[in-house]
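Visitor: I've got a model open and I'd like to learn how to read its strands. Could you walk me through it?

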Amino acid sequence: MASRPRTLYEKIWDAHVVERREDGTSLLYIDRHLVHEVTSPQAFEALRLAGRDVRRPDLTLAVPDHNLPTTARTDEAGARLPIADPQSAEQLAALEANTAQFGIRYIDATAPEQGIVHVVGPEQGFSLPGATIVCGDSHTAAHGGIGALAFGIGTSEVEHVLATQTLLLKRSKTMEIRVEGELGPGVTSKDLILHIIGAIGTAGGTGHVIEYRGPVFEAMSVEGRLTICNMSIEGGARAGLIAPDETTFAYLKGRPYTPKGEEWDRAVEWWRTLHSDPDAEFDSSVLIDASMIEPTVTWGTSPEDTAPIGGNVPDPDSFADPAKRDAARRSLDYMGLEPGRRLSDIAVENVFIGSCTNSRIEDLRAAADIVRGRRKASNVKWAIVVPGSGLVKRQAEDEGLDKVFTEAGLEWREPGCSACLAMNPDKIPAGERCASTSNRNFVGRQGPGARTHLMSPAMAAAAAVTGRLTDVRELAK
Amino acid sequence: MEPVSTIEGRAIPWGAKNVDTDVIIPAHWLKTIRREGLGQGVFETVRAQPGNVFDDPDFAGAPILIAGDNFGCGSSREHAAWALLDYGIRAVIAPSFSDIFSGNAFKNGILTVELPQEQIDRLLEVARTDPVAIDLETQMVTTPFQDRFRFEIDPFRKHCLAGGLDEIGLTLASGDAISRYEQGRAQHLPWLDTATERAA
């Protein structure tokens, strides 16, 4: 009997339904639960109050990332240095105590594999294709890059997953984003996803799971795919997916938590079935021509406020929608920009290369390639490179990338979320600009009054050496 | 969670679109290990501006907030819902909400009411001077001027909100089904089991 053609999302969903309810919701099994210090303490506390246990500690992995300072964590004798901020210290200590109490594997701040939760999951092989993966963090969407159905949840849902290993969910709608053609030289996965968000808007994917399809993604590294799926949430979609393929399997093989031996072969056999069937129907489709995309930056305070680096700051009056006009006016006021200004004339005082979007080895290589043999511009006061994990850091150091950065005047830091979100000591001062490889340019995101321009690692590196937003292709020549 | 039936009172006529969760509660407030006390930080950057609507004494203690499209976009932080609740907000009316925020609001007994923009515009006008009422049972938003706007709500969410139900307790009642699923999964997808016990 021929079954109805299904999308990749539907295949993963169907494989995880525990129970269908009459009201249209389903109880969905969760294969992997990643936990960090910020969104979990209230969930553990609620479990304790209700006298409930963690159902599957073996499917749960905890690592601190948001609060951790990115300066040295141990002194020269190897002893752990205290966290200066008492609230951060309390929250970090709570994660350690909670995971110990409930028997959950905990990666300590000083462990070599510590890092940003969304870098650690795939790197450890904890995140696998076809798995349902959740974490109390909206950028969990990243893990869709290896073909997992991965999405961010709130703390009540963290508690629900800890207690039941399931979530009660309604099936999402499906959106296909098909990218045809090839990306030009100097144009990366980050430029592509910024361009896509600019095209669909920050609410474009609301209620949907996006599947990214087409030759560009097939040719893309796993690191690039993680960057793409990571920012699905900036387009309003709770999850993004890229079908797993040989590139994915080669990336995962041999990583600590992956299946081994005969079990690996069985897993790959199933993973090969995880793609949308040829006749599968999506609720909506968007077509993008890759060859039209230039290195892309944001000019405003929403990730949809994107423009090619060769362009200008838009005139708010050019927007047809009056609400968009108002939003653009407020954005430009906050950003300290005038309509019509050339984007490449905008000077920056800060550069941040890092975050769960762009802190993997490939990102650091791309940034180092631009910085190599050059110096940080004199008007750039602060430029930091924050590897996504201890393992990324070590690999970069083995390749000598840390020296490339430090010789150019950039700081080389310990892994963590850093300047992405202004909850650890790495913040951008009020009124100053930052060329940032992170994912959100919201008002106050990198610190009260901070002005964020989102871009790729190579573009941020270019800004570091020229002191202004720069078309990286001019430096690569 | 407290059962929800009728929410009535002044409604803060804000109307802003794409209000992200960093605006609702900036990240430096997220270092707490508690749910309470976040009301102090709600809309911190907006409230720092003189003449903002939240400072208007007419709206002190207002239980309803009226906003624009895509309310609650961005981060998954449930602190956004906790902050609104701690500030006294029991319902948000907007043309649309981000998926994660509306889930977080629901889990905390905050009603998210979706209405078309023209009805929102009418409510923004009324709310400047008069109260607004939301009735969950009849799924109706009303004003003292005969405005009656019906809204849709997921039946399961309505049931939970009206009863103040503990969702985890409900799911635990399906414990046998979860165990059966786990047994099947251990056979068909065995590599998904015992994840953290695999590493050497």
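Predicted model: local features only at pLDDT ≥ 70, side-chain atom pairs only at ≥ 80, totals over all residues.

Visitor: How many bridges link β6(A) and β7, and in which sense do they pair?

Guide: Four bridges, in the parallel sense, with β7 of chain A covering residues 149–152.

Visitor: What about the faces of β6, are they covered or open?

Guide: A residue counts as buried when its relative accessible area is under 20%. In β6 of chain A (residues 132–135), A:T132 and A:V134 point to one side, A:I133 and A:C135 to the other, and all of them are buried, so both faces are covered.

Visitor: Now for another sheet. What is the strand order in the open sheet of four strands?

Guide: Read across, it goes β11-β10-β9-β12 in chain A, with parallel pairing. β11 (239–241) and β12 (284–289) each have a single partner strand, so they are the edges, and one side of each has no neighbour in the sheet. On average, neighbouring strands here are turned by 20° against each other, ignoring direction.

Visitor: How many bridges join β9 to β12(A)?

Guide: Six, between parallel strands, and β9 of chain A spans residues 173–180. To find one such contact, look at A:E180, whose bridge partner in β12(A) is A:D289.

Definitions and conventions:
Residues numbered from 1 in each chain as written. Chains lettered and ligands numbered in written order. Heavy atoms only, no water. Buried < 20%, exposed > 50% of the residue type's maximum accessible area, 1.4 Å probe, protein only. Helix = DSSP H or I, 4+ residues; strand = E, 2+ residues; numbered from the N terminus. Pairing = 2+ DSSP bridges. Axes fitted to C-alpha atoms, helices over the stretch in contact; angles between N-to-C directions.
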